[in-house]
Amino acid sequence: RVVADGADARFRENWEQVRALLEGRTSPLSATELLELWPDDRATPHRQSLYDWLRRARAEGQVVQTGGGTKRHPFRYALPRKASGLASLPQLAPL
């Protein structure tokens, strides 16, 4: 039997909230922006916890990270774009 550690459980419990904040956005959000948008009816996570969740989500391919990670150019996060369906089209014959 596999027992998830505490960090894994906290990630799973909170990932849906992070995903919901990112969903439908036209531009990526920084961790600071995510914290500012966090709903009042949910406990706001500690900044480091949010960074840990975003790092894990990036490693799992659930978010795309851009930016330089500096104060002037913070990391910004977005959900990966859904495939447009072009990959499933048949390949064209060479000219």
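Biologist: Which residues does Ser-30 touch, not counting residues up to four places away in sequence?

Modeller: A contact means heavy atoms within 4.5 Å. With that reading, Ser-30 touches Pro-74, Phe-75 and Arg-76. This is a predicted model, in which local features need pLDDT of at least 70 and side-chain atom pairs count only at pLDDT 80 or more, while totals for chains, interfaces and linings use all residues. Residues are numbered from 1 along each chain as its sequence is written, and side-chain values use heavy atoms, with hydrogens and water left out.

Biologist: Is Ser-30 buried or exposed?

Modeller: A residue is buried under 20% relative accessible area, exposed over 50%, and partly exposed in between (1.4 Å probe, protein chains only). Ser-30 counts as buried because its relative accessibility is 7%. Across the chain of 95 residues, 21% count as buried.

Biologist: In which strand is Ser-30 found, and what pattern does the chain follow along the sequence?

Modeller: Helices (H or I, at least four residues) and strands (E, at least two) are DSSP runs, numbered from the N terminus. Ser-30 belongs to strand β1. The chain has three helices and three strands, and their pattern along the sequence is α-β-α-α-β-β.

Biologist: In what order do the three strands form the sheet?

Modeller: Strands of a sheet pair through backbone hydrogen bonds, either parallel or antiparallel. Here two strands pair if DSSP finds at least two bridges between them. The order is β1-β3-β2, in an open sheet with antiparallel pairing. Strands β1 (29-30) and β2 (64-66) stand at the edges with a single partner strand each, so one side of each is left without a neighbour in the sheet.

Biologist: How many bridges join β2 to β3, and which residue stands opposite Arg-76?

Modeller: Three bridges join β2 to β3 (residues 76-78), and these strands run antiparallel. Thr-66 stands opposite Arg-76 of β3. Arg-76 is also one of the residues that Ser-30 touches.

Biologist: What share of the contacts in the chain with a separation of 6 or more comes from residues 24 or more positions apart?

Modeller: Residues 24 or more positions apart account for 44% of those contacts.

Biologist: What average pLDDT does the chain have?

Modeller: The pLDDT is the predictor's confidence in each residue, from 0 to 100. The chain averages 85, and 80% of the residues score at least 70. Over residues 83-87, however, the pLDDT is below 50, and this stretch has zero contacts in the model beyond near neighbours in sequence.
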